[in-house]
Amino acid sequence: MQKKKKKPTPNTATTFQEEPPIKLKPHHENVNEQIEGYTKDLKRYISRERFAHSLEVAKLSKKIAEFYTYENIENAYIAGLLHDVAKDMSFEEHLNLANKYSYKYSLSELDSPATLHAPIGRLLAQHQFGIENPEILLAIAHHTTGRPNMCLLEKIVYLADIVDAGKKVEHALRVKKLVYSDLDAALCLTAKETIRNLLDRDKIICEKSLECYNFYNKLLQERAS
Ligand SMILES: [Fe+2]
Ligand SMILES: [Fe+2]
């Protein structure tokens with residue numbers, strides 16, 4: 001019989017802030033070398049299959065970023081590349097890293113542990129890869145649940161992740177069509193289908209996913225009226 005996971009109580013550390021301070025690193029002299037280094041290091045964290053997915057999400061993020069004339073397409077590539085850096089770790093490893101880097105996870109995140117790899121990935125990107133750019137960190141942190149009022153790079157990585165899922169995710173094709181015509185509609189559709197999928201499987205829905213859906217649903221309704 002499988003041993004039931006003991007649910008920890010949320011930690012009370014407060015040093016990690018949800019919104020990182022705006023401290024943009026000066027543009028690296030050779031960003032390609034930097035990306036090569038991240039790519040090499042990433043292989044130590046994830047499976048070969050996940051690595052292939054990460055490369056695809058990086059390329060897609062760059063493509064969507066170019067389409068929307070995002071100011072730094074290399075950052076879009078880096079965010080896509082590292083978005084799943086913590087995905088192959090266990091729940092226990094996630095909790096250990098949260099404690100190590102004083103991340104104050106919520107009860108809602110504990111109830112939907114599949115979402116934890118996103119904020120933990122952000123911690124790894126920050127502390128182990130040395131990423132300081134706040135938009136890259138936010139994009140990694142919210143690529144699973146989304147959140148209300150995302151910045152352009154958060155939207156790009158959130159959607160690139162779904163588009164790369166292809167046939168594995170029913171709504172991926174519809175999202176792919178919308179991505180280049182209406183980013184917010186693509187977001188709303190993704191948030192809605194993610195929630196629907198969780199409901200169908202009797203899973204608990206993370207608050208951030210609901211907040212994300214409500215925010216973009218309202219935005220589309222206001223836009224239409
Ligand atoms: Fe992910
Ligand atoms: Fe992913």
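Which residues does L159 touch, not counting those up to four places away in sequence? In this predicted model, the partners of L159 are I64, V175, V179, A186, L187 and T190.

First, the overall fold. The protein chain has 11 helices and zero strands. Read along the sequence, the pattern is simply α-α-α-α-α-α-α-α-α-α-α. Of the 225 residues in the chain, 38% are buried. Take the contacts between residues at least 6 apart in sequence: 62% of them join residues at least 24 apart.

Now the core. In soluble globular proteins, nonpolar side chains tend to be buried together. Here the largest nonpolar core holds 55 residues. Within this core, A79, L82, A125, I136, I140 and L159 touch the most other members. Helix α8, residues 152-165, gives the most to this core, with eight residues.

V175, one of the partners of L159, sits in helix α9, residues 172-179. Is V175 buried or exposed? V175 has 22 other C-beta atoms within 10 Å, and the cut-off for a buried residue is 20 or more. V175 is therefore buried. Leaving aside neighbours within four places in sequence, V175 contacts L159, I162, V163, A186, L189 and T190. One of these contacts, L189, lies 14 residues from V175 along the chain. The C-alpha atoms of V175 and L189 are separated by 7.1 Å.

Next, helix α7, residues 134-141. Seven of its eight residues are buried, so α7 is largely enclosed by the rest of the structure. The buried residues are E135, I136, L137, L138, A139, I140 and A141. They pack against α3 (73-82), α6 (117-127) and α8.

How do α6 and α7 meet? Two packed helices are described by the angle between their axes and the distance between the axes. The axes of α6 and α7 come within 7 Å and cross at roughly 150 degrees. Angles over 145 degrees count as roughly antiparallel, and α6 and α7 are therefore roughly antiparallel to each other. On the α6 side, the contact is made by A118, P119, G121, R122, A125 and Q126. On the α7 side, I136, L137, I140 and A141 take part. The residues of this contact divide into seven nonpolar, two polar and one charged.

Terms used. Residues are numbered from 1 along each chain as its sequence is written. Chains are lettered from A and ligands numbered from 1 in the order in which they are written. This is a predicted model: local features need pLDDT of at least 70, side-chain atom pairs count only at pLDDT 80 or more; totals for chains, interfaces and linings use all residues. A nonpolar core is a set of buried Ala, Val, Leu, Ile, Met, Phe, Trp, Tyr and Cys residues joined through C-beta atoms within 7 Å. A residue is buried if 20 or more other C-beta atoms lie within 10 Å of its own, exposed if 12 or fewer, and partly exposed in between; C-beta atoms are placed from the backbone. Helices (H or I, at least four residues) and strands (E, at least two) are DSSP runs, numbered from the N terminus. Two residues are in contact if their C-beta atoms, placed from the backbone, lie within 7 Å. Axes are lines fitted to C-alpha atoms, for helices over the stretch in contact, and angles run from 0 to 180 degrees between N-to-C directions. Angles under 35 degrees count as roughly parallel, over 145 as roughly antiparallel, 65 to 115 as roughly perpendicular and the rest as oblique. Ala, Val, Leu, Ile, Met, Phe, Trp, Tyr, Cys and Pro count as nonpolar, Asp, Glu, Lys and Arg as charged, and the others, Gly among them, as polar.
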